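Let's take a friendly tour of a protein chain. Have a look at the picture, then read on.

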Amino acid sequence: MEPCIKYEKQNNIAILELSNPKELNAMTTGMRKQFLELLQTVEQDADIKVIVVKGENGNFCTGSSVNGMGIRTAIETYDHMDLFATLILKIHNMKKIVISMVEGYSVGAGFSLALAADMVYASPDAKFGLAFNKLGLIPDCGLNYFLPERVGPYKAKEWILSAAMIGAEEAKENRLINGIFPKEELFAAVLEKAESIAAGPYYTNMMTKEMINKSSHRTLEETLEAERFAQTILQQTDDHKEGINAFRNKQKPVFTGK
């Protein structure tokens, strides 16, 4: 079977599964193009509130397929990197919440792919790898942004320069992932998290993601202005009115995403 991205829709959840088990779900050029197209399709689906990204057969993603490595021209390398960069930006910037479910290996650009999501949950056997230094390369696909943002510059340099392989427990201790679940329970746990978020107020979730993603690049004054704008919009939504009514009546709110 050709490497691909499998797509499944469960209620308000889109599940995208990387399928290239022969290369531990390394992504070919075709997979990256398909992934980007699926994200664009899902983004336009009003029923979808949360996206779960996972890998097939017990591994998340080992980055780019080795086919073509070391023989690309400068132009081919630029185009190769540009496609992956577009994919990472789409995940990070899209309005819907994205959750990475990591089992086994998540290395190289696969590490970047995991961290581009809004939340990361892992199994105990998860391994996050930074082999770039051994190959005479720097991290790419956003790792130089995501990694120091989460663990700080000193730990990021230590891991990158030593080409570290980080286990699940160490990743959690350094706030790289949200939580660890037993392998046989991970998918159900991630789906439960996704369903809980999907049941929340859609526009509030959307603006929360944008607010936090941009917070480190804004001054306090800019953040306060963004908050004023968001709150002004959100107070006009049906979900806000539902939340207020439910609070007053001591009931659980039922949000519609409007």
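This is a predicted model: local features need pLDDT of at least 70, side-chain atom pairs count only at pLDDT 80 or more; totals for chains, interfaces and linings use all residues.

Residues are numbered from 1 along each chain as its sequence is written, and side-chain values use heavy atoms, with hydrogens and water left out.

The chain holds 10 helices and 9 strands; these are DSSP runs numbered from the N terminus, with at least four residues for helices (H or I) and at least two for strands (E). Its radius of gyration is 19 Å, close to the 18 Å of the globule rule for 258 residues, so the chain is as compact as a globular protein of that length. That radius is taken over C-alpha atoms, and the rule is 2.2 Å times the number of residues to the power 0.38.

| Property of the chain | Value |
|---|---|
| Box filled by the C-alpha atoms, along the principal axes | roughly 65 × 45 × 35 Å |
| Residues that count as buried (under 20% relative accessible area, 1.4 Å probe, protein chains only) | 46% of 258 residues |
| Accessible surface (Shrake-Rupley method, 1.4 Å probe) | about 13,900 Å² |
| Share of that surface on carbon and sulfur atoms | 55% |

Strand 5 pairs with strand 7 (residues 127-129) in the parallel sense over 3 bridges, and Val 107 has Gly 129 in strand 7 as its bridge partner.

Definitions and conventions: Two strands pair if DSSP finds at least two bridges between them. Buried means under 20% relative accessible area, exposed over 50%, partly exposed in between (1.4 Å probe, protein chains only).
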